[in-house]
Amino acid sequence: MKTEQATEATAALGGWVSEVDVTAVPAAVLDRLALVLLDVIGVTAVGATLPEQRALAAAWRAPDGPAPLIGAGRRVSTDAAAWLNAMALVSLELDEGNKYAKGHPAAHGFPAVLALAAELDSTGADTAAALLAAYEVASRFGRATSLRPGAHPHGSWGVPGAAAGCARLLGLAPGAAAAAIDTAAGMAIAGHFDSATQGNPVRNAWLGASAMSGLAAVRMAAAGMARTTGTAALSLGTVLGSFDAAELTTELGSRWDITRGYFKRHASCSFTHPAADAVLELRSDARFRSEGITKIVVESHVLGAGLSGVDWSNRLSAMFSTPFVVATAALTGEVGPGSAVDDAGVRALARRVRLVEAPDLTARLPDERATRVQVCFDDGATLTSEVPNPVGDADHHPLTEPDVLGLLKTWLPRQPELVDRAAALGHDLPGQPRVGAALRELAGTDEKELN
């Protein structure tokens, strides 16, 4: 019965994907798509500047091709671009996310769609429709899936989004689009959350696998060898957790989840952002003294209460440590891509951060990811702040285009023109006759050439 429900829902999704038409999409949705695309391109370029990402691209030995390695100064094969861009996008924990999907719909689907669109030299209208299909399908699978405790969402429920977007680019008929989505749902990664907290970059590779799996699934469907059998009810709903197929079609065509996501201003796991925001708010208080802090108590919801590690070994594990994020925010006033991970003062203060779950905050999920922070000082004074959601959430101080542009240009001081190019592409995308050349320009300049 579960597979029958998933089959019917996936078939309906396939029909919707094949017919997405940007001329019928509300202007507000297209505006949000432009902003999400700007963020995805910019954050991917920031990730491409990391020494380890440059080393990976070199080790990949990808042949020249039609798709850009965004911000890395090269055009490579479609598959290599999809995988490597996806890894770069998530490497600094700056990528857009969605609290209702419980993860990152754009990161699961956009790298594959952009690489394939560059290869096909697709129209702007088709590319915009494909990106929307990728986001909305991934988000719906995220809503439908409740992963088992300990499972990480990267590379699991979002894979069907990559397939959906690529199916729309190829113009697959409803049945074939559904088969691509169904096949992708059977290609989920079973990754553990501790890989992230332990700093294992395999966590980033799960998004590369999502992009490649989406491409593989759509190619199988285009070849006529994919089927729709309700696979998600087995892979996501039996092996990895539970699955509510009804979520795939609820308000289909009228609710656009892309308008309900969040953008990041901190280079860290989204569950740590409210705590960082609260500390920054307190830091603006005249009574705040970073040298006199004896203890910081952070009350979080159940999703964030486990990020209590104080023995981070690299940037990835630090980005999943609330003590690191809170201590860095308190002492330096920001948590960015360049924040030091081996500062002795940060480590010392992090050991005085206590992270606990507050049942009243857990009860406010998913609409709020609230956090309370109390900073205690050596003279007995305390300062307290509570925030309902991270700054940048659609429901709490949402970031505007100037905000996102400002952040990206701060993080990419050597390539401001790439950021402007990404912004222009987002605005002009639906009306562009072809996008291949514009996408290839996003390769920008290799950081080594800028030195």
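Analyst: The answers below concern a predicted model.

User: Why is His-266 called buried?

Analyst: The relative accessible area of His-266 is 2%, and buried means under 20%, so the term applies to His-266. His-266 is placed in the loop between β4 (241-243) and α12 (273-283).

User: Which residues is His-266 in contact with, leaving aside its neighbours within four places in sequence?

Analyst: They are Glu-93, Leu-94, His-273, Ala-276, Asp-277, Leu-280 and Val-335. Contact here requires heavy atoms within 4.5 Å.

User: How do you know that the span of helix α18 agrees with what it should be?

Analyst: Helix α18 (residues 416-428) has 13 residues, and at 1.5 Å a residue these should span 18 Å. The end C-alpha atoms of α18 are 19 Å apart, which agrees.

User: Which residues of α18 are buried, and what puts them on the same side?

Analyst: Leu-418, Val-419, Ala-422, Ala-423, Leu-425 and Gly-426 are the buried residues of α18. Because they cover an arc of only 160 degrees around the axis, they lie on the same side of α18. Among the elements covering them are α2 (27-48), α17 (401-411) and α19 (436-440).

User: What is in the largest nonpolar core?

Analyst: This core has 118 residues, and those with the most contacts inside it are Leu-38, Phe-110, Phe-141 and Phe-243. Helix α2 gives the largest share of this core, 13 residues. Another core, of 30 residues, lies apart from it, with Leu-280, Ala-318, Val-325 and Ala-329 among its residues.

Terms used
Residues numbered from 1 in each chain as written. Predicted model: local features only at pLDDT ≥ 70, side-chain atom pairs only at ≥ 80, totals over all residues. Heavy atoms only, no water. Helix = DSSP H or I, 4+ residues; strand = E, 2+ residues; numbered from the N terminus. Buried < 20%, exposed > 50% of the residue type's maximum accessible area, 1.4 Å probe, protein only. Expected span 1.5 Å × (residues − 1). Arc of directions from axis to C-beta. Core = buried A, V, L, I, M, F, W, Y, C linked by side-chain atoms within 4.5 Å.
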